[in-house]
Structures are given as structure tokens and as C-alpha cells.
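Hi everyone, thanks for making the time.

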Protein chains: 2
Amino acid sequence: MMRGFDTIESMNADEVLVKRKRGTKRYMVAAAVIGGLFFIVGIMIGYFSHKAEAEGAGRQKPNKRLEPDEFIIEKVSKEFLDSKLRMFSSKPRLAGTKAGTEIAETIKSLWSESGLDEVHMKTYNVLLSLPNASEPNMVEVINKTTGEPVFTSQLYEAALRPEDNTTLIVPFAAYSPAGIVEGNIVHVNYGTTENIESMLQNLTFDLTGTIFLAKYGQISPKQKVQNAELYGASALLLYPDLADTNGRDNANEKVYPDSWLMPDSGVRREMLLDKYGDPDTPNYPSTEYAHYINPETRNLPKIPCQPISYHDAVSLLEVLTGSAAPQYGVVSDNGNGSALEVRVTVNNILQRRPIHNVIGIIKGSIEPDRFILLGGHHDSWTYGAVDPHSASAVLSQIVHLFGQLLQSGHRPRRTLVFCSWDAKEPAIIGSTEWVEENEKLLSERAVAYLNADLIAGGHFTLSVKASPLLQDALFTAAKRVPSHVENYKTLYDLWAARPNDESWNSQEPKVSYAFGSDGDYVSFHENVGISSADFSFTYEKKKFQGANYPLHHTAYDTYYLYKQFQDPNLACMEAGARFWGILANNLANAPLLPLRASRLSSAVSAFLDALTLELQDMLDTDSITLDAVISAVRNFSDATSKLEHDMNDSPELTANPLMLRRYNDKLMLLERAFTHINILPGKEFVFRDGTPGQDVSPEDIYLYDILNTVTDMTHGPEQIEQLKEQISVIALKVQSAADSLYDIGLIKEK
Amino acid sequence: MMRGFDTIESMNADEVLVKRKRGTKRYMVAAAVIGGLFFIVGIMIGYFSHKAEAEGAGRQKPNKRLEPDEFIIEKVSKEFLDSKLRMFSSKPRLAGTKAGTEIAETIKSLWSESGLDEVHMKTYNVLLSLPNASEPNMVEVINKTTGEPVFTSQLYEAALRPEDNTTLIVPFAAYSPAGIVEGNIVHVNYGTTENIESMLQNLTFDLTGTIFLAKYGQISPKQKVQNAELYGASALLLYPDLADTNGRDNANEKVYPDSWLMPDSGVRREMLLDKYGDPDTPNYPSTEYAHYINPETRNLPKIPCQPISYHDAVSLLEVLTGSAAPQYGVVSDNGNGSALEVRVTVNNILQRRPIHNVIGIIKGSIEPDRFILLGGHHDSWTYGAVDPHSASAVLSQIVHLFGQLLQSGHRPRRTLVFCSWDAKEPAIIGSTEWVEENEKLLSERAVAYLNADLIAGGHFTLSVKASPLLQDALFTAAKRVPSHVENYKTLYDLWAARPNDESWNSQEPKVSYAFGSDGDYVSFHENVGISSADFSFTYEKKKFQGANYPLHHTAYDTYYLYKQFQDPNLACMEAGARFWGILANNLANAPLLPLRASRLSSAVSAFLDALTLELQDMLDTDSITLDAVISAVRNFSDATSKLEHDMNDSPELTANPLMLRRYNDKLMLLERAFTHINILPGKEFVFRDGTPGQDVSPEDIYLYDILNTVTDMTHGPEQIEQLKEQISVIALKVQSAADSLYDIGLIKEK
């Protein structure tokens, strides 16, 4: 293990480098030169940071230039955004490939040029699943007599625009094993247990060894594979039903490249794991000294799985059965011996390869040991213009702006950490490994993690998932950003006017408290309890009911798509950069952290109401009681009221650095109380809502995952004890949150 | 769940009480009255605490009275200590009994009268094992023909002093199941695997169904039971070999009541669990809303087990075999049908009962959210004058002194928390449940936990187990305390001159970094990573080689024993009160925490040396490398040097509250890095050195438990992978500790 320049920490003093074994000499020369430079810069920065510190907490130094908020509003540049979006999305950036490494290096250079205190690349060797570019996966229909294929699926998606080179983008399902399987096809609809069970009643033959053909939707691809394995299938094919993907009403609309809708040649990529992070190092980082689990104990799919296009799904069944459209329950052979059968060939490569996170840092002046983190990923399944490069371009813009602010003397009070993650698509690996490696520091010092996976799934309104604690800070930021849609003054006005949810009846904008598990926030929020937010712009759900923008994870997620349809004139990117930047700036500079405890206690109360409703029948009949949770929630609510009353009532708060820090620490650490409570003791964490790679659940409730877990639990009477256990853990954690709002807070006598 | 008066927190503002269901009205009247009183006191205290806060960090207000250190030295009162020792040890204080509750109430009253800000009792319902006073356990020799007993073991220890009422103190082994077993006796020496295996070679019959008779020592009682179960025994009898208990050279010395040595009627009590805390709520507190595990999954001994005296062990074998002394390998019947057999009757009661911790609090003026905790237990197996009441009396003395200091205007900078634990003897239950309930707060706010289980196992020198971080603070405190032994000026001088370890070759006093698992510090230190210390006075090991003072856990652990032999003139109690009090005062008041990081990094380096030595052979042959640990340890050492250099180099440190807090936080949280590293992922924690109820291991090395675990692991070649995994976890944790000493510290590129 080698440790590089700890440049930021060196600002105040020298640091001894530990270099072991090879290459020491070469590094030492470089170290001397670079070290010298940093020493000089360090002295300067150190001087100013100490100066700021000496000036005491709570005061901002006077400045005649633009204040950071104004600077951010004014200086976001569409040219910058456009050029980065184009550059980043010029190639598919699969984690573990050359182009994947290239973009990490590009971002590192870009951020370094922006003038941050430090930019470094953090590499992990992780287990990746990659398509085999020279031997693409395929599905064939074989004439059993001749052995000849009478149908072959498309090896790549059709190139529909002159600049699209889809041969670079081999469709595959990540972590499907390689293999060749032959058999008869059974269309299992969405592949849910219910679908399969109901179908079984009409079947006259065994499903063992058949190839399941399933539509995307309702449950996660991983769950479809698990079901397929359970019922003895030998392989699984997945395809997007255009009626689901494009919306039921859009059957006759134009498709890409004439709209944002999916053409029948589109193939959707997904991963097939139910845990996040490197599958070889659960709970621990994939450092160079990591210990890998025995490959035989890896929890990977056992049968080959391959995504195909709608067109191929239709053609396949047509060839086999003469039927015009793929229909639930259709089988290619009822066991009486057809002349045709299906062959699935998967050539995926399973390999440990390096992935590269890029981390950029601006050291805080007064509270360097408090972190505001901003992150998103830079790996993509395909060109990834929407997902993730609309967001990665915006993040680079923000880095550029904060770099400029820094150069002009605006060092933030707290430390800013910018994170560009690799290998998010395979299993949220880059961020997870990094959080696992830095868990001690993050749990002690991170104030908030602000994520964007993509900027514009659509351009109708803002869509935000966030910790309740961050809700007011989000509102404050949105009020500062001009609306990109006419007739609305600010982004806040737009957001409030377009909640995109017909059941929404508040004057305030809608914030969903349910995170789901499909973003780089998951390790921060779920495992370490760091208050987090994730935002994007989205389409109007009333008009388009798809679970995501139609071309998500297809080869048509292009620069052309983004500019032409997803975000015309890059208005959302501009607004997003301002919103994200102002939010971060506020969290980094406000003496009193803009985290609102009462939002959290209200959210926990709402969770309790939902839980009560959910368990209604059992509360009456199964000797289950929520009394302890009810009491804890009331205590939490009371503690919150007291805290906020005291804060408002402390005129000396901002003048008293330790009192300020005490309040800030309570707020910063508050959500730590809720880590891991949806995991029963002794059980391992899995993606909780079962929809990795899918959109978040429609539920918006805080602790939705727990509600979900609890609900799942009640399905069998033997789980009553587990449910009781879970309820007692919930009560304990809520009570811990309540106690932590007092200066001392140690649990009192009953 | 109900929540009582949050009186301390109420100092600054009103607090809404949550009272549910019953008794609300009655409480409300009381609340109004008491609330009113607290309100007035609250205003006064609040005024002064705000005043102190406003005066800023780092400055002590001028005071013409005795400074706290001097006050503590001067005001420790032998009369106070004597009266409390006598009162506390006047009855056996078994957890879960009436006398056990009584002492908790006594201590609560006493502490309340001492003028703390708050004293409360914290009750948990936990699974206890108790002797049946009306049907004592016994061991008989039965004439198989007549069915009549020809020998019966003593039901109680012989009363050897007029004031001793040993009939109150029924010998038992905690958590042995009740049951009656008949069979033949086999003497298995210490009951180690080696002992049994070696004996098996000479045996001509099956061990199944035999009753094992084993001496205490070498391995824990629990391990003896496990071995007995493994080899098919139907019961286990334990006795103290006087040669072990009293020392090989003391066979002809006088015994109690004429000395501190064990008479042959002494019976030693132990518990038989290998995890700490309530066995029914692993990892979670036994709150009133706790969920209990299925009783069938409790990890309790399966065969009856009973401790007997040396006299009974001798007599038993004499009756059975005619042999004069109990000897290893002796069996009462070789299978050829003796006329006699042994009957073991255990009537232990396994029951959930309330236990009562007492918690007293003095709120810190400037940093109320930083805790210095002092603790010890108040439950005892017997009269418990030595263990624990010598310590519980001293703790009450310290509470009294800090109460007086508080009344005279000396409110400490940080919060002091005094803890008198119940149910330590059964399985360290009281402290464990409390730490489990308060884990969030403690992990975020506890600076140190300072424990004493007993004061004088002997009076030769001081014996200290501690986190290396606390070492210098311990030295500083010891230098302030006058020596209770002539020819030494201070306790430090005595301690340094009498390391009680012939291999010790330092000028400094000896501090053992290996905690073992037999104290109330275990949850604090092991599970939460709070820097901890445990101290007592002890006998001269060169002259007496017993693993503990001879009468430990016998009915002869009396007030008479303590004053007469263990601690003549209560000199150790006096010195202990001063030492503990001054240590706590320093931790509570020093602006810069007296935690020395370089002590910890040195200790970790020494651990690495020991680990390297331990694994020497494997490092050469099994593709195992310690390179990552070596690198991490060097990084830790470098980071420590830098930190201490910066601290010494920051003249403005004490004048800059946030900089001070930043350094303090790094130090306070440093040992959090080392929680749970000796538990492999997915495994549950058990007492690590296998010697609960025994003295700590002779090893003194930091992370000794890990070394021990790692060593155990290497016993089988199939465990190489586990060992590699453990090494990678150690590297990660040490590196995390190193990183946490920087302001930012996020792991850098390699």
C-alpha cells in the first residue's frame, strides 16, 4: 500500500511520505519538485485559512466582488456544459474499459485545471462483467434437423443516426454468466411469481430447461432471474414492451431519431445483482490489500440472461409460433416436438479490473473537518449523454465555478468534496468502495451528500429525493435559481406548481423521502446515515407513464437525443448547475447548518402513520403493538421542538463557536440514527425495493424501505417474531435520534 | 415507554413530558412541583453555565478556594469510605434480588444527596440465573443398593467469623441449567482439550454420561463446560485447587479468617456464558419494548454445573476411591460396577428480573456534549467487600467530592457521568445493556470511560489496564497522589518502582494495553471504541502467583477480609479515590484533551511486531503478507507525529475554540477506528481471551485480543483465508485511524 501526496493536509505542515519497495527514487524527485511548489502555495493558503479561522466563526469577510450565489447564477456557462456533454458522451464509457479510464483522466485534468486544492484519482480493482466485443451475445432459432439458424437476433442496436456507432455497444446483462443454452421459449409476461404460477395452471408440461422470455417491469431484472432459476429455466431473455416503455398512448408516435421514444430496435441494459458494491468484497473496500471472498460463494445469477429488442422478441415468437405478437403464456413448443428450438449464446466476461473515481477537494477555512460532498458517476452503459453525462458535465461546471471562487478568495467555511464515480452502472461500485474505505471519516465529518445521476429525464419539472433534513435547504436554493420555464419566476415556483403527482395537495414543492437503492447516494445514506439528496428534471408523468425516459440504457442515449429532446437548449443543465451549486455553497458556508430537524421528525411521524395503517389488522390480532414506536416518535417530535426553540432563542448562537458547533453536530449526526434499521440483525443488506436499475418507488415516505421490509415480512405468520423484533429496533433508533438532540441525552429512567 | 424528567436538559428550557396511559395525573402534580423547583435551580445553573460558556473556551474562571485537584486530595475521607464499604457489603447483593435492588436505591439516594445535577436509576429486565435459597444445590455420593447418600457436599461455605452468615450465599454457577444427574466421577484436571485427550489414552471405558470434576484455571469455566459437553459428560463439578488459589508455597500458611488465603471450605462462583450482556437480547438493549430471542436459541450450558470446595472435592474422591487427594485421571468407577455413584442436584432458577443501574450526571459548562464516564458495579456474588464494594464506595466518594465542588461553583468544562452498574457478575449485563441503549450518543460524545471493579486485590502496587491514549493522563494523575506506601513520594513513584513484572525494563510505570473481557469497560471499549482505563491495587506477583486474590467470589469476600488483609487502614481506597478523581477532573477540565496519540501509534507498532513474530513461519510459506499492515502502521505513526507537531506548534490553539475542538475530536474519536476488528465479518463476538471471571491475560500488548484471535486462527490450514481476511481488515482500520488525524484525511490515490 502506497500513499500519495497528502497535499491538502500539507498546507499547514510537511508530511512524511510512505513509499514502499519499487519506484521510490523516481517519486522522490517528483515529490521534491511538486512538494516545493505545494509548500509555497501551502504557505499562502495556510496563511489565509488561518486568518479566516482567527477571525472566528460565523463571520464572512467583506467582499466587493460577486458573492458566491450571484457568481454561480451568473457564471454557469452553456458553452461549457455543451462542450463537456459532447466530449464525455462521445464514446461509451463502460467501467473497466479504455474509454472508461479515459473519461476519469479527462475529468481529473479538467478539475485540476479548475484550481481545486487537490484532485486525485482513487482506483479499485473490482469484479466487473463486460460484454465480449468480438463475440457479441445472440439469440438464434435453430432448425433442429439441419442445425442451421433460421433466425438470429441483432448483435447491436440499429444505427439510426449517422454519428451513432452502435457496434461499439454490445447489448448484455451485467453479471449474467457466459454460456450457451438451447431449449424452448416460454413467455412469462413480467416474470413475477404470480405470472408464472398463473401460467402453470394451463401448462401441460414441465418448465424445467425452458428459456423464459420476460418483459421488463414490475420487478427487478435480478428478481426475474431468481424466479427463472426457481422454476428451473435454463436461460432468461428480457425485452422492453414498447407499450410500457413508450407509454400506452404513444403506439403511433414517431420514435428515435424523430422523438425521444424507443424504436423497436432498442435494447435496455441492466445489472443482475441484488447487493451493491464489488461482489467480491462485501462490506469492505476493494483496496489493493483487500481480501476477496471465495469465488464459489459469489451471489451471481446462475443461468445465462440476455436483453433483446422488442423487435427481436416479436420476430422470435413469430418464427417459432407464427403468432403476430409476443404474448404472455405463448410457448414455442408444448412438449410435442417442434422442429425449431432457441439457442442463447452469452459471451460475457467476468473479470477483476481497475475502476477510477475522481475526487476533488477544496479545504474549508474554519471547519475543514466538516464535509459537503457532491457526486455523480462517469461510467455509462452506452454513450450515456443523459445518464450520466448531463450530470457529470454539470458537476464539472460546478467544480469550475468553485475553483474560480477559490482563486478569487472565497474559501468556503467547510470542506467541499467533489466525487465523480466509476462503475455505478454495474452495481454502484465506485461510490460504495470509497465509502467503505472512508467510513470512519465520513461518519464523523460528512454533513451532506448531494447526488445527481442525470440532469434531464425530461424538462417538465424538478424531481427531488432527499433526506427531510435537507428539504428547506433545497427550497432555499431553488428560490435563488431563475426558472427555465416561462411564467415561473424561480425554479422553486416551477417546482411547486408542477409537483407531477396528482395526489399532491401542498403549496410546497414535492420532495420524495424514499430513496430507493439506485444511486450513488445509497452507501452514504443507507450505510453511513449521511443526509443526502438526489435530483433531476423529469417529464410530465400525467402525459407519459413510463418508469424512466424511454431510451434509458439504450444505445440511443446520445448527445443528439439529449440536446434535441431531453433538454432543449440545455436549460435544465443550466438550472441544475445553479441549483446544485447554490445548495452546496449554502451548506458549505452557513454558520448554522441549514438542516431542519422538525422536517425529519414530521417525516418520521408520517412513517409511523403509514406503518400503523400497514399493520392495522395485525395490531388487532397478533399481539403486536406499536406503543414503543409511538412514544419514541412523540419524544422525537418534542425534542425537535425544543431544539428549534432553543436555537431561535439563542441570540449569542453565531457568536459562540462551540455552541454553534454543538447544534451543528446534532444536526449533522441526526440521521446517523437511522442506518441499517431495515436490516434485521444477522441478515445482509440487499437492494431493498427490489428495483435496482428501475425508477424509485412511487411511495414518497421517509423510511419507506423499512415500511417495505416490514410489509414483506408480514406475508407469513412465522414472521411475526421478526416483525416484533423490527418494531423494537425502530423504536430504539427513533428514541436514539430524539435523545441525540439534547446536550447530554443519555436515556433516562422510565 | 415512558420518559421521566429530563432535568438536566431542562436547565435551559422547558421540556414536554411524554407520559402515556396510566398515572398521568398523579405525575403531573408532582411534575408541576418538582418542575417548579428545577425551574428555579435551572435558571440559576443556566445563568452560570451560559456565563462560563460566554467566557469562551480555554479559560478557567479565577477562584480563591481550593482548586479541584487540591480539593480532591484533601477531602477524600476514610470515614466516608469505611462507612460506605461497611454498608454496601453488609449483605450479599446478587443482581435481581431484594438486596440487589436495595443497594441501587441506596446509591441513588447517596448520589442525590451529593448534589449532582441529576441522578436516575435505569432498569432493565434481563435473563438472570439465581441460586435457589430454599433448595441449595448439592453433590452426594449414593449407595446404589440402598439409595441412601453416604456423603453430601456442604450446602453453604462454613461460617468462619461470627458476623458471616454464609447461609445467605448459596454456591452456584450462573446459567447452569437446573437438573439432577447421576453417574460416575472422572477427574479431568483443568478440563482442557489436552487434559481430556491425554486421559482418554489410558481409559478403558466411554466418558459418555460421566460427571467431570475439574479444577479452576487455565481455561474459562465456560470452556470447561463446552469441553464436558463435547466429550459427553452429564454434569461438571468445579473446584479450586488450593495450590493454585493460594499459591504453591503457601500450603502451610494460615487461611481465612487468619489471613487472606482460602480455607478448604471456600467455593468460587463463576458464570458460564461466553458472551456479555443479556443473553436474550444480543446487540440490543433490554428495554421494556425489547424483542427477546427464542429461548430455544439461547446459548446456555446444556449440562448441570456446580462449584464445590476443595474440601468437598477431596472428600468426594476419598469416599469413592479411598484415595487421599483428588488427582487427575482418577475415576470413581472404571465401568466394572461400583456400589457407589454420584448425584449432582442443581436447582438454579433462570428468570427474567429487573436490574438497576444508577447514573449520576454533572452537566459540563462549555462542552456539555462531551462525556467523561466513571463506572463500576454494585452487584456481588457474595458480601463482595473487595469485589466490588471497595470500588463502589470509592466511586460514591468521588461523586460526593464532585458534588461539593459543583456546589462551590466548580462546574466542569465537560459533562461527568457516574455509573454504578448492576448485574456485572452474571455477564456484564448492566453496563452492556446501557451502552447498547445509548450507543449513538456514546459513540459521538464519550471522551473516556474510567472503570474500577475493585480497589485492592492487594496493596503492593497499582495495576492499570488502559487505552494507550490515556496513559499520560494516568501518569499525570498518579503524580498528584501521595503514595500510601512509605519511601515513595507519589503514587507514580510507587507504581514506577513496582511494575510487578520482572520483564519490565522501563523507567515508566507499567500500563497493560490488553483489557481482556472481564469488566464493565468491555462494551465501551470493545463495541464503541471509547478510550478506557481500569485500575486496582494488587499484591506482589513475585510472592504470590494466584490469578486473583484468593477469596475472590467466595463467601469470605467480607468487610473483615478487606480491612484486615486486603487494604489495611483503607490506604488503597484513599489513594484510589484521589487517583480516579483527579484523572476524571483533568479529563473533564483540560481545554486540550490529555489523550496522547503517539502512545497509541507506538502501541500499534508493538502490536505489529508481535503479530509479525507470531506469524513468522506463515509469512514465509503461506503467501501471507503483512505489507499492508506495515504500511498502515507507518502512516499512522507519521500522522501522529504530524498531529502532535502541529498541536505544539499552534500557539493560538487554546484561544481558538474551533481549532481546539477539532484536535479534541480527532483524539476523542481515534480509538473508534479499532472497534470490532477482532470479529471476523459475519461472526458474533464472544469473550475473546476465553477467561471471563478470570484475571486478564499476562500479555500487555495493545490489540492483544486480535493477536489472540489471529493466533487461534492459524491452528488449521483451512483458516489461512480467514487469516488473510483478518489482516486486510487490520490494515484498513489502522489506515482509517491514520487518516482520521488529518483535517480531511480522505484516502488518497495510491
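In chain A, strands β5, β6, β7 and β8 form an open four-stranded sheet in the order β5-β6-β7-β8, with parallel pairing. Two strands count as paired if DSSP finds at least two bridges between them. Strands themselves are DSSP runs of E, at least two residues long, and helices are runs of H or I of at least four, numbered from the N terminus. The edges of this sheet are β5 (185-187) and β8 (305-307) of chain A, each pairing on one side only.

Before I go on, the ground rules. This is a predicted model, where local features need pLDDT of at least 70 and side-chain atom pairs count only at pLDDT 80 or more, while totals for chains, interfaces and linings use all residues. Residues are numbered from 1 along each chain as its sequence is written, chains are lettered from A and ligands numbered from 1 in the order in which they are written, and side-chain values use heavy atoms, with hydrogens and water left out.

β5(A) is joined by three bridges to β6 (residues 211-215) of chain A, and the two run parallel. Which residue of β6(A) is the bridge partner of A:His187? That is A:Leu213.

Now, chain A has another open sheet, with four strands in the order β3-β2-β9-β4 and antiparallel pairing. Its edge strands are β3 (149-152) and β4 (179-183) of chain A, which pair on one side only. Neighbouring strands in this one are turned by 20° against each other on average, again ignoring direction. Three bridges connect β2 (residues 138-143) of chain A with β3(A), and these strands run antiparallel. One residue pair to click on: A:Glu140 has A:Thr152 in β3(A) as its bridge partner.

Helix α8 (residues 310-321) of chain A turns up at both sheets. It lies across β2, β3 and β9 (340-346) of chain A, at about 160° to β3(A). α8(A) also lies across β5, β6 and β7 (235-239) of chain A, at about 120° to β5(A). For the angles, axes are lines fitted to C-alpha atoms, for helices over the stretch in contact, and the angles run from 0 to 180 degrees between N-to-C directions. Contact means heavy atoms within 4.5 Å.

Still in chain A, the UniProt record, an unreviewed entry, annotates residues 357-559 as "domain: Peptidase M28". Over that stretch the chain is 33% helix and 22% strand, and its end C-alpha atoms are 23 Å apart.

Let's move to chain B and its helix pairs. Helices α18 (residues 597-614) and α20 (residues 627-648) of chain B have axes that come within 9 Å and cross at roughly 165°. They are therefore roughly antiparallel; the cut-offs are under 35 degrees for roughly parallel, over 145 for roughly antiparallel, 65 to 115 for roughly perpendicular, and oblique for the rest. The contact includes B:Leu600, B:Val604 and B:Leu608 of α18(B), and B:Val633, B:Phe636 and B:Leu643 of α20(B). By class, the residues of this contact are nine nonpolar, five polar and one charged.

Helix α9 (residues 385-407) of chain B has two partners to show you. With α4 (residues 98-113) of chain B, the axes come within 10 Å and cross at roughly 25°, which makes α4(B) roughly parallel to α9(B). Among the residues in contact are B:Trp111 of α4(B) and B:His389 of α9(B). With α16 (residues 559-566) of chain B, the axes come within 9 Å and cross at roughly 80°, so α9(B) and α16(B) are roughly perpendicular. That contact includes B:Val386 of α9(B) and B:Tyr562 of α16(B).

Last stop, the backbone. A cis peptide bond joins B:Asp387 and B:Pro388, with omega about 15°, and B:Pro388 sits in helix α9 of chain B. Another cis bond joins A:Tyr256 and A:Pro257, with omega about 10°.

Technical notes:
Nonpolar A, V, L, I, M, F, W, Y, C, P; charged D, E, K, R; others polar. UniProt positions renumbered as here; feature names shortened; annotations may be inferred.
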